[in-house]
Amino acid sequence: SHNQANTPTARVLTLGEQERLNGERALVSDFKQMKLEKEAQKNWDLFYKRNTTNFFKDRHWTTREFEELKACREFESQKLVLLEAGCGVGNCIFPLLEDDLNIFVYACDFSPRAVEFVRQNPLYCPDRCCAFQCDLTKDDLMENVPESSVDVITLIFVLSAVHPDKMKLVLENISRVLKPGGFILFRDYGLYDHAMLRFKPGNKLGENLYVRQDGTRSYFFSKEFLAELFEKTGFKCVSNDYVLRETVNKKEGLCVPRVFLQSKFMKPEC
């Protein structure tokens with residue numbers, strides 16, 4: 001069970017949480033940081049090998065995407081082209097394809113294994129969907145997607161896995177295939193999310209940036225950081241809010257504060 005609230009302000013930390021975060025001074029060495037960058041793709045591939053397709057099953061989030069896609073249409077039967085950047089194994093795409101017959105979806109992921117899972121899904125149909133492997137920080141999307149041809153791009157729990165120094169490259173890359181007037185729907189980990197507060201010492205890579213046990217990295221976004229990142233890349237902010245959810249961990253009877261950032265940006269018409 002959970003309560004959910006959208007709020008313009010960040011979650012307030014308890015004193016204990018604040019002390020713990022402030023006490024984390026030591027960062028992972030530059031050598032290890034470079035190794036993590038080099039092995040990022042391998043680590044995500046192994047993640048999908050271990051979790052095959054049972055992870056991220058709980059994407060009841062997609063209702064928001066349904067609503068947003070409706071809002072992007074001028075008339076109901078209008079065909080929309082969608083790019084799911086960082087599609088994972090397709091948990092967001094397939095419900096959309098089933099529900100909405102007037103969309104074509106481009107789907108890409110860093111992990112070749114994830115893309116393979118998408119292609120093997122019985123719902124995968126090349127007439128309505130095109131899945132391909134892509135490192136958004138360096139592979140040109142226009143090799144697979146025509147310039148300025150996409151109506152809506154989703155970035156759902158994707159940018160947090162990219163090093164902050166390279167996030168702007170990702171946005172420039174996706175911007176090239178988005179139509180002027182097109183939208184980006186963003187959702188990701190927010191500042192002071194429970195996952196951020198749970199990291200043990202020795203896992204911090206930089207400000208709001210951590211490495212998990214399996215070598216995959218996670219950045220936790222503040223509203224201000226995200227707005228500035230998108231605005232610097234030429235996007236206009238439509239909405240940008242924290243989503244605070246209290247999730248109850250039944251086994252331990254704990255109330256876990258989850259924080260996500262949910263935002264929408266537009267590529268200006270001119």
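Colleague: With which side chain does the side chain of Asp 135 make a polar contact?

Modeller: A polar contact is a pair of N or O atoms within 3.5 Å; within protein, one must be able to donate a hydrogen and the other to accept it, and residues adjacent in sequence count only if both atoms are side-chain atoms. Here the partner of Asp 135 is the side chain of Thr 137, at 2.6 Å. Before we go on, please note that this is a predicted model, where local features need pLDDT of at least 70 and side-chain atom pairs count only at pLDDT 80 or more, while totals for chains, interfaces and linings use all residues. Residues are numbered from 1 along each chain as its sequence is written, and side-chain values use heavy atoms, with hydrogens and water left out.

Colleague: Where is Asp 135 found, and is Asp 135 buried or exposed?

Modeller: Helices (H or I, at least four residues) and strands (E, at least two) are DSSP runs, numbered from the N terminus. Asp 135 sits in the loop between strand 4 (129-133) and strand 5 (150-156). Buried means under 20% relative accessible area, exposed over 50%, and partly exposed in between (1.4 Å probe, protein chains only). Asp 135 has a relative accessible area of 8%, so this residue is buried.

Colleague: How many helices and strands are there in the chain?

Modeller: The chain has nine helices and 11 strands. Its radius of gyration is 19 Å, close to the 18 Å from the globule rule for 270 residues, so the chain is as compact as a globular protein of that length. That radius is taken over C-alpha atoms, and the globule rule is 2.2 Å times the number of residues to the power 0.38. Along its principal axes, the C-alpha trace spans about 55 × 40 × 35 Å.

Colleague: What percentage of the 270 residues count as buried?

Modeller: The buried part is 52% of the 270 residues. Among the contacts in the chain with a separation of 6 or more, 73% are between residues 24 or more positions apart.

Colleague: Which residues does Thr 7 touch, not counting residues up to four places away in sequence?

Modeller: Thr 7 touches Asp 241, Tyr 242 and Leu 244, with residues up to four places away in sequence not counted. Thr 7 itself lies in strand 1 (residues 2-7). The C-alpha atoms of Thr 7 and Tyr 242 are separated by 5.2 Å, although the two are 235 residues apart along the chain. Thr 7 is buried, because its relative accessible area is 13%.

Colleague: In which helix is Lys 168 found?

Modeller: Lys 168 belongs to helix 7 (residues 167-177). Its relative accessible area is 31%, so Lys 168 is partly exposed. Its side chain is joined to that of Glu 172 by a polar contact of 2.7 Å. Leaving out residues up to four places away in sequence, Lys 168 touches Leu 229, Lys 232 and Thr 233. Between Lys 168 and Lys 232 there are 8.3 Å in space, C-alpha to C-alpha, and 64 residues in sequence.

Colleague: Which residues are buried in helix 7?

Modeller: The buried ones include Met 167, Val 170, Leu 171 and Ile 174. Their cover includes strand 2 (80-85), strand 5, strand 6 (178-189), strand 9 (217-219) and helix 9 (223-232).

Colleague: What is phi of Phe 157 near?

Modeller: Phi of Phe 157 is near 50 degrees, a positive value in a residue other than glycine. Phe 157 is placed in the loop between strand 5 and helix 7, and its 17% relative accessibility is why Phe 157 counts as buried. Asn 208 also has a positive phi, near 60 degrees, and is a residue other than glycine. You will find Asn 208 in the loop between strand 7 (204-206) and strand 8 (209-211).

Colleague: With which side chain does the side chain of Gln 262 make a polar contact?

Modeller: That partner is the side chain of Arg 187, at 2.8 Å. Gln 262 has its place in strand 11 (residues 254-266). Gln 262 and Val 243 are 6.7 Å apart in space, C-alpha to C-alpha, and 19 residues apart in sequence.

Conventions:
Contact = heavy atoms within 4.5 Å.
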